Amino acid sequence: MKQADTASAVPQKTDGRAEPLAQKDAQTEGSPLPASITTDALPSESKSAIDVPELDADLLLEMYRKAVLIRLLERALLAAAEEGQIGGAMHTAIGHEANAIGAAYALRPGDYITCTYRGHHHGIAWGMDPGRSIAEVMGRSDGFAKGKGGSMHFVSPEHGMMGANGIVAAQVPHAAGLALASQLRGERKVAITFFGDGAMFQGVMHETFNMAAKWKLPLIFYCENNRYSEMTPIWRTSSIEDIYLFPRAYGMATMQIDGNDVEVVHAAVSQAAERARSGDGPTFIEGITYRLAGHMAGDLETYRPEEEVEKQQAHEPLTVLRKKLLARGVEEARISETEAEVEETIDDAVSFAEASPWPDAAETYLDVFTGPTSEET
Ligand SMILES: Cc1ncc(C[n+]2csc(CCOP(=O)(O)OP(=O)(O)O)c2C)c(N)n1
Ligand SMILES: [Mg+2]
């Protein structure tokens, strides 16, 4: 998690960018185990062999539409941030799309999700409207939380989206609470919580693993392992590179999958949801992925080599899914048509958000606190 001394650990080129593959030499340093899922490994190098049923081509095209929607929405948000239209930090999930889409389609209406500050992709995958989502990030009154949540506190209970969170790992025990409520009420609803590789080393993660496994909560832990915590590569933060090995100590079923392939994610989350709904408890899924944009808007990305990012482009979610569609007989023209429709949707969404009024100053404290007001106590 620390980033202060990262620059000195990765040899720098004169232009300030990290030396290509410099981390290769350093990654074994201090690690008792052979390095495996390092920063330049492709998500397809993940370990768990699971059954992956082929999804229907029309469903795959619908998923592709969502993936393009997320990608273009994130690009529009980055452009808006550059123009100074977004207050505070803004993190995008460019490159993480398949983790969100595969999972959302494997779960049911009424299930719950919590996620990190990097959660726009989840909101869109769970059906949140793009115009209202952009309005939320821009702090406008038509946003899902009337502009008061912003990017880092994306929320829409009506969609099951119970909250993104700016505090690393804080959303994870919240999901355990939702799963416990479902269990106590006998509702058979599942909760899924998304977090990063960096969150693994927060104490609350391990408290939640133990409690969820002991109480067999209907909960899915999903780690979007992009191999970086802010600007710090995984080999500097973790004693082992295979994150999915940690929760095995709590007696939990775990798997490490290609998080950039929607069909693989869909299969893994379907299995986990089945286990949760049958009362057999939580599952930990490590989805190997890669963040193709900076940690947040404005990140200069001097800590990773350009070659590493280029290598990952070959197995990024949209490319993987597009290839799949062509291989399953979906015509190029239909795919391009879908892309053009989504472009139009995003243009309309941006115009909607820009036209949305600012919240009224008189409403500053409305919907922010619950419980008795100071006058009532
Ligand atoms: C408790 C806490 N510590 C530190 C931070 C600062 N911080 C914000 S994002 C981040 C990196 C988290 O990395 P990871 O969990 O891998 O998620 P990613 O950003 O890669 O998706 C850190 C350390 C924070 N927000 N909360
Ligand atoms: Mg990370």
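I started at ligand 1: 16 residues surround it, and the closest are Val-168, Gly-196, Gly-198, Ala-199 and Ser-229. (Near means a C-beta atom, placed from the backbone, within 6 Å.) I'm working with a predicted model, where local features need pLDDT of at least 70, side-chain atom pairs count only at pLDDT 80 or more, and totals for chains, interfaces and linings use all residues. Residues are numbered from 1 along each chain as its sequence is written, while chains are lettered from A and ligands numbered from 1 in the order in which they are written.

Next I looked at helix α12, residues 317-327. (Helices are DSSP runs of H or I, at least four residues, numbered from the N terminus.) Which of its residues are buried? I found Pro-317, Val-320 and Leu-321. (Buried means 20 or more other C-beta atoms within 10 Å of the residue's own; exposed means 12 or fewer.) These three sit on the same side of α12, because they cover an arc of only 90° around the axis. (The arc is taken from the directions from the helix axis to the C-beta atoms.) Thr-319, Lys-323 and Leu-326, on the other side, are exposed. After α12 comes Gly-329, with a positive phi near 90°.

Then I checked the largest nonpolar core, which has 84 residues. (A core is a set of buried Ala, Val, Leu, Ile, Met, Phe, Trp, Tyr and Cys residues joined through C-beta atoms within 7 Å.) Leu-219, Ile-220 and Val-269 have the most contacts inside it. Helix α3 gives the most to this core, ten residues. Just after α3, I noted Gly-84 with a positive phi of about 80°.

Notes:
Helices (H or I, at least four residues) and strands (E, at least two) are DSSP runs, numbered from the N terminus.
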